[in-house]
Each structure stands twice: as C-alpha cells, then as structure tokens.
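Q: Could you take me through this structure one feature at a time, giving the general idea before the particular case?

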Amino acid sequence: MTRNARFVDERITLKYGTGGGAMRALIEQVFAKGLGDVGDDGIGLAAMDDGAAIRVGDQYLVIATDSHVVQPIEFPGGDIGRLAICGTVNDLAMMGATKPLALTCAVIIEDGFPRDDLKRIWESIRATCEEARTTIVTGDTKVMGHGELDGLVLNTTGIGLTDRLVSDAGLQPGDKILVTGTMGDHGLAIMATRNELALETTLESDVAPVHTLVRRALDVGGEGVVALKDPTRGGLSSALHEMAEKSGVGIIVDETAVPLRDEVRAVGELLGIDPLVSANEGKAVFGLRPEVAAGVLDAIRSHPLGRNAAIVGECVAERPGFVVLDTGFGSRLLAEPEGELLPRIC
Amino acid sequence: MCLGVPGKVIEVDREMQIATVDFWGVKKQVRLEVCDAPVDPGDYILNHVGFAIRRIPPEEAAETLALYDELLRLADDQDLMTADVRAEIDAAPDATRSPKGAPDGSQ
Amino acid sequence: MGPSDAFAQLKFRDPARARGLRDTLERLVRLADHAPVSVMHVCGSHEQAIAKFGLRAAFPQELQVIMGPGCPVCVTDVPEVDEAVALAKQGVRIASYGDMLRVPGTSQSLADAKAEGASVDVVYSVTQAVELAREHDEEIVFFASGFETTAVATAAVLVDDPPDNFSVLSAHKYIPPVMEIVAEMPETKIEGFLAAGHAATITGSKVFEKFVERHGLPVVIAGFEPLDVLAGLVKLLEVINSGEPRVENAFPRCVTREGNVHAQKLLWRVFRPTGGRWRGIAHVPNGNLRLRDEFAQYDTRKRFTIDASALWGYAPPKLVQQCQCGDIMAGIASPTDCQLFGKECTPDKPVGACMVSAEGTCKIWHQYGGRPDLRSIKRGAA
C-alpha cells in the first residue's frame, strides 16, 4: 500500500488523472481489485509499471497503453500525435522492449473538428512512426457530439518482445541514478505557451522516441541496469519517488548535477514551478549498479538524444521511499507533486 | 514578499508605460506605472505579478556583494576557517558558473 | 567584472559565500548567551526560498527560524474563500491567482467549484483579469489575494479606468499588524524578525521603526536569494547579540528607508486597512485591505449579493477555535500539540494556515512524520 494512503473520494476529480498518489490510490482500490494477475513470471496490473509483461515461450511480451488528452493539441516541438506515438514506444522501452512490434491507435473526434488539423496530426503520427521504425496496424474511430469532449482524444497501445525485463523497482543502496538529458522541458514548454502568461520564449517540448537510446544503454549495462522509468507526468520527482518506494531505498540527488536548459530554469523561476516536477517526453531515468555507471553514461552520451546525460544521484539505505535533494546550499526533501502545475505568485 | 524576479529591460514604450524585459532568456512585458524611477533599456527592474516595483540601480549588485563580504568578516579575524573561505572566494574567477554550462541544441 | 555581469550570473547564489555566511551564522549563534535562538520570518517567499535551497539543513542546530503568518494565501480565512466559491457557484466568472485555487473554504475550494462546472480562470497577473473583462460581456470578478506588494498591482488597474464588468473581491492583507500580534503574545519566544524584502520595497524600512521601539525586537529586511537570506540572518543575529534592537536593511538593492512613495500613495488611495480574522490566528486589527468608498463601483461586495449559506451544509463549526496555528507560528507549540493535527486537520482537509501552506509547519510534519533532519546529507555522493 502506498505511503500516505488515502481513500478514493465519492466523486472522481481532476487530481485522479495527474499521476500522483491519488491516481495510485484509485488504481489500487478500484481498478486492480480482482484483475491483472499474470502469474509470478510477469508484470501485471498491481505493479503499476509503465506497461505489462507476459511470459511467452522464452521471451516476454510487453504491452503498454496510453490515452492522450493534451491541450493545446499542437505545441512548440510537437503535437498530440507525436506525443502519442513516442509515449507508447517509450513505455515499451522502459520495460526493456526496445523494438516495438506494432502499435494501435484509436481516435475519438469531436464533432466539428477540422479535417486539415486531423490530417496534419496524422502526418505527424506517420512521420514519428517512421522515425521509430514501427507502424500502426489497427485502430478505431469514434465521433462524439460537439462539446462532449475537448477536440481530440487518442489512445495508443504498443506491443514488443524482450528477453529481459527491466522493472522500476530493482534499486539497492549504492546504485547510481542517471538522467538522459535536460529535465522539465515538456511541462514548462506547455505552460509557457499558455497565452495569458504572455511569455516570449523559444522553449520547446522534448518529445522524442528514446527506445534506441535505451537499447544502447542496455547493451552496455546488461544486468547492471536495475531500474528504468520515463519521467513524464510529475517529472523527475514522480519517477524517483516511485522507484524509491518500490525498491525500498532512499535517493539523494545532487541538484547542481541535474541538467537544465537556462530557459526552463528561467520560466520555472518566473512561474514558481520547479523543473524537477515538470514533465519530460523524450527522456529516461536509469538506476545503475555502480560498476556499469560510467560505461552506460558514455554509451548514452554517444546517442543524439543523450548528449546532456548525467549521473545525478545515489541510492542509500536511509529514509526508504524518500528523495532528498542536495541543493548545494543545504538539502531538502523533494516533495511529490499533486495535481496539475499551477503558476504561483507567492 | 512573494515572487519578485529581477530582469533586464530590453525595450520601453513610454506612452503605454510598458517595458519588454528579459529574464535569463525569457521575455515578458511588464507594466511601469508603479516603478519608483523611470527606466531605460539596459536597466534592471524587479517584477512582481507583471508590474515593475523597483528600478535596481546597477551599482547595487556590487554593493550587495560588498555587504555580504563585510558580513562574512563579522567573525573573529583569527579564525582560520574564515581565512580559508575568503581565499576560496578571492581565488575563484567565476565561482557561480554552472558546472554543466549551456546544453547543446540537441537533447 | 562589472556590476551587471554580477547580476546576470546571479552571484547571489555563490556557494562559497554561502558557506562563509553559514559559518559566520554558526559563530554568532554560539556567541548568544542562550539556546535556541528563535527568530521569525513573515513571508511565504522566504519560506519558499529556505525550502527550495534547502537552507534549513544548513542553519546551525541552535537557531530556530520559524515560519510566521507570512503566506497570504494560507491566512485567507474561510469566509473569504467562501465568498469567492459562492459567487462561482452562483454562475459568476472568477479570475484568481493560482495559489488560491485549492485553498478550502467551509466545504469547497475554487478548484472544487471549477470541477463542478463553475467558471474559474487562473491568472498570473491582475491585468489578465482586466483583459478578460474587456474581451467578454459577462461579469468578471477578480479574487484579489496577496499582501501589500500585490495589492499595489490591484490598485494600479483600478485607477486605470477598468471596464464596467470588472470588479475586485479583495482578500488582500497587510503584514505589519500581524507582527504586532506575534510580538504581543505573552509567551512568545521570538527574538527578532526577518522582514519581507519585496513588501519593504514598497513600504520602505521606516514602517518598522515604531514596531522596534514599542517591542524592543529587531527587524532585518532581507531578500530572497540564498545569500540574501543567510546575510539577513547573520545581520539579525548580530543585532540580537548587541542588545540594541533596531531596523536594519540587508536588501539595499531593492529597499530604501522611504520605499516606493508613488506605490504607497496609490495603495492607500485605493485601499483602507480594516480588522479581520486571519485563518488560524485570530483577529488582526488593520490586517485586511478593503476598497475605499471612492472605488465602490468596482467592489464585488457592493455589486453582488453573495450568499454563502449554502456552503455551510458541512460545517466544522468549532474546529477553527481549536486550531493552534497561532501558537505554532509563535514558536510556542509544535503540530503534535494540536488536537486536530492528523485527525480533523490534514493536508486534504486543512483547518489552519499551517496545514494549507505547501511549506507550512503542520503540512511538512504530516507529510514527513516530523521535521526531517537532513543535516547528515553530504555533498559529492554522485
């Protein structure tokens, strides 16, 4: 049961969709009851990992599914289509399945949605599939009444095979934490585009498929890669909290070692939002045995999507489930974000 | 109180009393009507909820550092630790440079 | 190295100077003839700065830096939040700063009302609320939270001929009166105050002079970069140790004795101070800012009939009276001394300011099971 366990309210509100403790409570107490058991050799619903894994012969079949409801549907650096494809390809990769077999894509369209917008998003989906060397093999189409949904909803499911599963729960004291690039780009880029904030910036989402990057790291690190997660909703903070809690270790992060774009830092300061809780859509967080850390870092840095990779933290036995930030001036506990990011004035 | 962020004035529209201000690479428009002094491009202002509440005189940055250094020396002069720190500060050419510098264009 | 270069590189975050200031602070605390030395800051942004940079773990063990009632959002009392929520449920469009959205009233917050279909817009500045009013025909109510610094911005738009469909629901607060309350609490252990640098940019340091005379407690005005906070504390300890209480300005780049006179005139032209309850603290004379009669046409309370009675269906009637935030903030009590802590008062349904604030003492204790001791964390682990 998760720390700070809470019970699901009478009405399901927005906070249940934001990836934090409330959502986990909902899954534990409602969705996972009596479902999702794949036996001992596999990863099922209760694990709440990036996807599921089912033993098939001498491999694992990995499945991941995601629904995408981002607004605005087109943003600097990408769109809902690219986000959908990358999201699922990356989820598969986070379990160790770095060569997707195929994807599905179901769309729910609001009555009145412009055909040309749909075509543009579909072209982005096609281009991203090509980039990721995969394709969409089946899907579904629905249209709902005007006002019954917000423009467009996409759902993607992906399947892949792998010999070795990488969980997000294999950390032990002494292991190193690595991030593959700058943190907080996507979430703050979306925040910055909100018209009413009137910020002029060149911030872009980092949305990208990172499966080949992960492949390279797994080839070099092998069994030394003990945890893997993509820091999407809730940013690096959420990812590390989950890893720490599931593994039963504490994590100390050297804040000065975390790569940040200057503009991300600036927008974060202006709006009072911490880049470490802001989403990333083209990054991964690795847990590594110390003996493979340097080699994996080099391998990732040799990849175009991993140039700014850095080792940012270490696992300890103390304070299991907690993430401590060494700020360079002192230290603090990194809090888990709850709810959507809101600009702060105080 | 509350989120006041310093930024550098890039452009001033005196008639509309609005300035375009650069905050470490991010630009935003800021209103000038409650600022305590007229501002020109190149000046630093303190922004609070979209209003400039103070023109920060350029010499103040150096004076603030001088204040800190003076406070550092409030301690006993014979204390060796202070001397070490002072030496460290004087020796470091650019003690605040972020170790990673600016990330390159790719991720 | 010119002054503007220093600025651009944020030399107010120099770790070497920070270590030096911290060591000086340690030495000054040891020179004090008692332990612990307790000081209070009265600014949410100071607590944010301390939290963000992890400064508490760097403060000497014998120094207590207590978070006072300086988070204007957290001290906005239940009836004030109810006014905004009631209006939202009556179908009026509300514009609010992000921080206020999740603060609970008697039974709901603006976020709850929004989830039920009310029209609530989050704005970064009051000017955006005015823009909304210009762009739409419907009534736009700006829920004005924040201390005097933020009130200046509200004042600026009110004298600038806002559209007729715009009005202000003022929940603005004024800090100096609450410092009086803390100083006058009989068992208060506070020996000095760190005052908010941005509020003082407006009011000037002179506003604290009579306070220091009356109470014999020093006030040091500090900024918000890590070096500003450390330097401010060093100065405060120096003055405490000297036994000669006075006002000191450790934020000279933004604060002068006179302050921003033009902004002050604007503030008091539009707002008048009036007494009111601050959440979890009690009545603060002159602690609330309300619109003057000349601006009645933009006063939401005069324009609308606000019926908050429907919100009192679930009413924790006596809870507020049992809330110990005032004592906690004065350094007299800790969260576990409060009967409501962890039971009727939790982060999900907070009663007092200390539980509402992200950095409130009670919130942190509840989240982490006490004030975590992070002094043992060493650098260079990675």
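Q: Which residue is the bridge partner of Arg277(C) in β11(C)?
A: Strands of a sheet pair through backbone hydrogen bonds, either parallel or antiparallel. In this predicted model, Arg277(C) has His283(C) as its bridge partner in β11(C). The two residues belong to a pairing in which strand β10 (residues 271-278) of chain C and strand β11 (residues 282-291) of chain C run antiparallel and are joined by seven bridges.

Q: How many residues lie between β10(C) and β11(C) in the hairpin, and which residue in the turn has a positive phi?
A: The hairpin formed by β10(C) and β11(C) has three residues between its strands, and in the turn Gly280(C) has a positive phi of about 75°.

Q: What is the order of the strands in the open sheet of chain C, and is the pairing parallel or antiparallel?
A: The open sheet of chain C is built from five strands, which follow one another in the order β2-β1-β7-β8-β9, and their pairing is parallel. At its edges are β2 (63-67) and β9 (247-249) of chain C, each of which pairs on one side only. On average, and with direction ignored, neighbouring strands of this sheet are turned by 25° against each other.

Q: How many bridges join β7 to β8 in chain C, and which residue stands opposite Leu194(C)?
A: Strand β7 (residues 193-196) of chain C and strand β8 (residues 219-222) of chain C run parallel and are joined by four bridges. Opposite Leu194(C) stands Val220(C), in β8(C).

Q: Which strands does helix α11 of chain C lie across?
A: Helix α11 (residues 226-242) of chain C lies across β1 (37-41), β7, β8 and β9 of chain C, and runs at about 165° to β8(C).

Q: What does the domain assignment give for chain C?
A: For chain C the assignment gives domain 1 (10-70 + 175-249), domain 2 (78-174 + 261-313) and domain 3 (319-368). Domain 2 of chain C and domain 3 of chain C have C-alpha centres that lie 25 Å apart. Six residues from domain 2 of chain C and nine residues from domain 3 of chain C take part in the contact. On the side of domain 2 of chain C that touches domain 3 of chain C, the residues divide into four nonpolar, one polar and one charged.

Q: How many helices and strands are there in chain C, and why can chain C be called as compact as a globular protein of its length?
A: Chain C has 17 helices and 11 strands. Its radius of gyration is 21 Å, close to the 21 Å that the globule rule gives for 382 residues, so chain C is as compact as a globular protein of that length. Of the 382 residues in chain C, 60% are buried.

Q: How many helices and strands does chain A have?
A: In chain A there are eight helices and 16 strands. The radius of gyration of chain A is 19 Å, close to the 20 Å that the globule rule gives for 346 residues, so this chain is as compact as a globular protein of that length. Buried residues make up 54% of the 346 residues in chain A.

Q: Which domains does the assignment give for chain A?
A: Chain A is assigned domain 1 (56-162) and domain 2 (176-333), and the centres of these domains, taken over C-alpha atoms, are separated by 24 Å. The contact takes 19 residues from domain 1 of chain A and 21 residues from domain 2 of chain A. On the side of domain 1 of chain A that touches domain 2 of chain A, the elements that give two or more residues are α2 and α3 (115-131) of chain A, and the largest share, nine residues, comes from α2(A).

Q: Where is Ile85(A) found, and is Ile85(A) buried or exposed?
A: Ile85(A) is found in helix α2 (residues 80-94) of chain A. A residue counts as buried if 20 or more other C-beta atoms lie within 10 Å of its own; Ile85(A) has 31 other C-beta atoms within 10 Å, so Ile85(A) is buried. Leaving aside neighbours within four places in sequence, Ile85(A) is in contact with several residues, among them Leu103(A), Ile125(A) and Thr156(A).

Q: Where is Ser205(A) found, and is Ser205(A) buried or exposed?
A: Ser205(A) is found in the loop between β10 (199-200) and α5 (211-221) of chain A, and Ser205(A) is buried, with 25 other C-beta atoms within 10 Å. Not counting residues up to four places away in sequence, the residues that Ser205(A) touches include Phe75(A), Asp185(A) and Glu281(A).

Technical notes. Residues are numbered from 1 along each chain as its sequence is written. Chains are lettered from A and ligands numbered from 1 in the order in which they are written. This is a predicted model: local features need pLDDT of at least 70, side-chain atom pairs count only at pLDDT 80 or more; totals for chains, interfaces and linings use all residues. The radius of gyration is taken over C-alpha atoms; the globule rule is 2.2 Å times the number of residues to the power 0.38. A residue is buried if 20 or more other C-beta atoms lie within 10 Å of its own, exposed if 12 or fewer, and partly exposed in between; C-beta atoms are placed from the backbone. Two strands pair if DSSP finds at least two bridges between them. Axes are lines fitted to C-alpha atoms, for helices over the stretch in contact, and angles run from 0 to 180 degrees between N-to-C directions. Two residues are in contact if their C-beta atoms, placed from the backbone, lie within 7 Å. Domain bounds come from an automatic or database domain assignment. Ala, Val, Leu, Ile, Met, Phe, Trp, Tyr, Cys and Pro count as nonpolar, Asp, Glu, Lys and Arg as charged, and the others, Gly among them, as polar.
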